Amino acid sequence: MTEPNQPVDAPLITCKNCYQQFNGKFCSNCGQSVKELERPIRFMIADFMGTVITFDTRLLKTLVTVLFKPGQLTLDFLAGKRARYMPPFRFYVFISFVMFLLMSVVTNNSINKNYKQTKNANPLPTNKKELSALVDSVKTGKDSIYVAARKNIKAEMDSSRLDSADIDQLIDNVKNTMENDQSKYAQTAKMIKDYPEVYINKLYQFTSWSLFLFMPIFAFFLWISFFRTRKLFIGHLIFALNIHSFIFTVTAIVIAANLIFKNQSLSWLGYLYILVPAYQIVGAKKLYDRKWVNTFFKMTLVWIMYSFVWLIGLIALIALTFMGLV
């Protein structure tokens, strides 16, 4: 079959990839383009820019549809209207990456700010009297390790004049003595307390991975709730991707706005999350063509089941993240 602008008597082209003969710009068997790579660089730049512009257009159209047209993206994909959008899974990966990146930035900024405030409020001791008080407050019990550590430090203080470097070294010795007597779990807990950004970033990483497992679970709950309307699992999975993409997009917008307008109160942006249940109900009504009341109760049931799974999963993630740092 020839293309509309292709002459009927045009010679057949042999695909260099699969050797299929065809007419047109793309192989009818494998889809490879007939364009040659050995061309002037200006043609390569033009092709690249065209690809970027096309990507941006598809991203923008996908973003607008996900935000303002609940359920429409799923319906269009199932109807075969796919070229105008980014694939649902690719868009989900993209927007989840953006969201977790912004969350990580905000978390690290908050931790660093609190750390500086604590450090300024509780500076390290600079003289023998303050150091002695610090040593005595290390442990109030009669543990022989800490008693010996205090005696050794006091002996050093009494026998010589200490400068700031000596004080720092003695403090490090006390810390090392304490840490050597702790179990690996206690050491991990102390490390998390001292450097919480390490644990939180690791938790974000595990959470982003786990969402790939939770997505089919959410789609499964949709499938058993709306089986009579759509029996194939793929439709429910695409809708699940769209719902989570919407939640991640709203979260990314809220975080980005707070990062850009740091000195302004934007607490009202939290009300955007009220749109999440409304978005799902409207999207489900459009996709499954059920009555409003029926759609509302079924989506409520889906989220109750999903929240229970999420609670168990979150506890497991917190534990796995801790164990991963041990």
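**Exercises on a predicted model**

Lys286 is partly exposed, with a relative accessible area of 36% (buried is under 20%, exposed over 50%, partly exposed in between; 1.4 Å probe, protein chains only). This is a predicted model, in which local features need pLDDT of at least 70, side-chain atom pairs count only at pLDDT 80 or more, and totals for chains, interfaces and linings use all residues. Residues are numbered from 1 along each chain as its sequence is written, and side-chain values use heavy atoms, with hydrogens and water left out.

**Exercise 1.** Locate Lys286 and state which positive surface patch includes Lys286.

Step 1. Lys286 belongs to helix α10, residues 275-288 (helices are DSSP runs of H or I with at least four residues, strands are E runs of at least two, numbered from the N terminus).

Step 2. Together with Lys61, Lys69, Lys81 and Arg84, Lys286 forms a positive surface patch. Patch residues have over 30% relative accessible area and no salt bridge, like charges being joined within 9 Å. A salt bridge is a side-chain nitrogen of Lys or Arg within 4 Å of a carboxyl oxygen of Asp or Glu.

**Exercise 2.** Describe the phi angle and setting of Tyr19 and of Asp289.

Step 1. Most residues other than glycine have a negative phi.

Step 2. Tyr19, not a glycine, has a positive phi of about 65°. The loop between β1 (13-14) and β2 (21-22) holds Tyr19, which is exposed at 63% relative accessibility.

Step 3. Asp289 has a positive phi near 55°. Asp289 sits in the loop between α10 and α11 and is exposed, with a relative accessible area of 63%.

Methods:
Patch = residues over 30% accessible without salt bridge, like charges linked within 9 Å, V, L, I, M, F, W, Y side chains within 5 Å. Areas by Shrake-Rupley, 256 points an atom, 1.4 Å probe, with all protein chains shown as cover. Lys, Arg positive; Asp, Glu negative; His and termini not counted. Charge placed at Lys NZ, Arg CZ, Asp CG, Glu CD.
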